[in-house]
Amino acid sequence: MRRHLRLVAVAFTALAATAVALAPTSAAAGRIQVKALVMATFAGEASPWFAREATPTPGQPGYVKVPGLATQENPDGSVRCNLARGLCVTVVGTTKSKSGPSTMAILAATDLFDFAQTRFLLVGIAGISSWNGTLGDAGVADHVVDTDLGSPFLGPQLAVPGMTHLKGCQLALQWCPFDTQPLGAYDQAVYRLPLGRWAFELTKNLTLADDATARAERRFYPGEADDTPRVRHCDVAGNDAFWVGAREARQQDAIALERSGSPRCTSAFEDPGVAGALRRFGFLDRLVVVRTGSDFEDQRPTGSPVTGLTPLGLYELLHTDAGFAGFTIAVENEWRVGTVVAKAWAP
């Protein structure tokens, strides 16, 4: 799910160390050998996977309840595994404060799962700016960038003498990084995904879904935003603030580019939490992230109908039935792209 709230830091260092020590090298009796673990953040994103990938329902073999996984979005803390394929699907919850601990809980469940050969796929909807893509686009990322790790300055504070020397400050956008190097000592701000290029090449020619609702919203935006959906190769910004508006979207572009050196096209809440947990277990190089545009991050340009013309107007629009015009095709397209990746790991 998209940007929301503020991160509540959760550190399970001791749990991670114990789980890594127990990580299996071969399958043991009763454990599920997982070839591909698909992680969505709420039920709507997971629905096509549950419906089309022959995952079990409660009481059937392969329906596993994991201690510590339960969230509002996944009340019984379940992971659903197609045992014949080794394909498992779960819901890790929205925001980093849920997705990180949920991923840790799954990885620590070495009495239930064998992760020796597992590849991980994070799928979900996302915000997208009209100059970076359009509704329904699928962004396959090379990096997850935690754009929360910095200091926004919303007034004249940035002009204070001695501040402008900080490397990475985006003066026009009134933002400075928490540290003074592009990647810096706080290296959790950037998570590199080596499988991103492979996943993009595998899926770049797929035909993606579109519908009339998304096309109608695109007509309010000129240029690239009026294109039909396609697979893109671009980074995702992870930020727990539900920001809206062109200025904020440009700021996210600049922060992500400063941090990773690569352009971003989507924004979401949960990705740094998932990536951080996987890195602690030594699994980050096994992760693919697919995020699909469900809504425009920037307000409708002048000349559009009266709604959505300002950042506040866009925020209000996104909380009505007319908001998230790309939701339906975004959910469909994260499955269309994701299932090709998952089948390469778990035929």
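Reader: Rings of Phe, Tyr and Trp, the last by its six-membered ring, pair if their centres lie within 6.5 Å. On that basis, how many aromatic pairs does a search of the whole structure find?

Author: The model is a predicted one, and a search of the whole of it finds eight aromatic pairs. One of them is formed by Phe120 and Phe283.

Reader: Are the rings of Phe120 and Phe283 stacked or edge-to-face, and why?

Author: Their centres are 5.5 Å apart and their planes stand at 25 degrees. Planes under 30 degrees apart count as stacked, so the pair of Phe120 and Phe283 is stacked.

Reader: Where in the chain do the two residues lie?

Author: Phe120 belongs to strand S7 (residues 119–128), whereas Phe283 is in the loop between helix H7 (271–280) and strand S16 (287–296).

Reader: Is Phe120 buried or exposed? And what of Phe283?

Author: Phe120 has a relative accessible area of 0% and is buried. For Phe283 the value is 10%, which also falls under the 20% limit for a buried residue.

Reader: Which residues do ring pairs link into a cluster?

Author: The cluster holds Phe113, Phe115, Phe120, Phe281 and Phe283.

Reader: Changing topic: how many disulfides does the search find?

Author: The search of the whole structure finds two disulfides. One joins Cys81 to Cys88, with an S to S distance of 2.1 Å. The other joins Cys234 to Cys265, at 1.9 Å from S to S.

Reader: What do Cys234 and Cys265 tie together, and why?

Author: Cys234 is in the loop between strand S13 (231–233) and strand S14 (235–238), and Cys265 is in strand S15 (residues 264–268), so the pair ties together parts that are 31 residues apart in sequence. Cys234 and Cys265 are both buried.

Reader: Back to Cys81 and Cys88: right-handed or left-handed?

Author: The torsion about their S-S bond is about 110 degrees, so the disulfide is right-handed. Cys81 is buried, its relative accessible area being 1%, and Cys88 counts as buried at 1% as well.

Reader: Which way does Cys81 point from S4?

Author: Cys81 and Val79 point one way from S4, while Ser78, Arg80 and Asn82 point the other way. Five of the five residues of strand S4 (residues 78–82) are buried, so the strand is largely enclosed by the rest of the structure.

Reader: Which strands does S4 pair with, and are the pairings parallel or antiparallel?

Author: With strand S3 (residues 63–65), S4 pairs in the antiparallel sense over three bridges, and Val79 is the bridge partner of Val64 there. Four bridges join S4 to strand S5 (residues 87–91), and these two strands also run antiparallel. Arg80 stands opposite Val89 in S5.

Reader: What about the hairpin of S4 and S5?

Author: Four residues lie between the strands, and Gly86 takes a positive phi near 75 degrees in that hairpin.

Reader: Which ring does Arg80 lie over?

Author: Arg80 lies over the face of Phe50, 4.0 Å from the ring centre. Elsewhere, the charged end of Arg250 sits over the ring of Trp131, at 3.6 Å from its centre.

Reader: And helix H3: what span should its 13 residues have?

Author: At 1.5 Å a residue, H3 (residues 96–108) should span 18 Å, which agrees with its end C-alpha atoms being 18 Å apart. The helix is mostly covered, as 10 of its 13 residues are buried. Among them are Pro101, Met104, Ile106 and Leu107.

Reader: One more residue: where is Asp137 found?

Author: Asp137 is in the loop between S7 and strand S8 (138–140), and at 1% relative accessibility it counts as buried. Its C-alpha lies 5.4 Å from that of Gly293, although the two are 156 residues apart in sequence. Leaving aside neighbours within four places in sequence, the contacts of Asp137 include Arg230, Arg232 and Arg291.

Reader: Finally, how many helices and strands does the protein have?

Author: The protein has nine helices and 16 strands. Of its 347 residues, 58% are buried. Among contacts with a separation of 6 or more, 81% are between residues 24 or more positions apart.

Notes. Residues are numbered from 1 along each chain as its sequence is written. This is a predicted model: local features need pLDDT of at least 70, side-chain atom pairs count only at pLDDT 80 or more; totals for chains, interfaces and linings use all residues. Side-chain values use heavy atoms; hydrogens and water are left out. Buried means under 20% relative accessible area, exposed over 50%, partly exposed in between (1.4 Å probe, protein chains only). Two strands pair if DSSP finds at least two bridges between them. The expected span of a helix is 1.5 Å times one less than its number of residues. Rings of Phe, Tyr and Trp (its six-membered ring) pair if their centres lie within 6.5 Å; planes under 30 degrees apart count as stacked, over 60 as edge-to-face and the rest as tilted. A charge sits over a ring if NZ of Lys or CZ of Arg is within 6 Å of the ring centre and within 35 degrees of the ring normal. A disulfide is a pair of cysteine sulfur atoms within 2.5 Å. Contact means heavy atoms within 4.5 Å.
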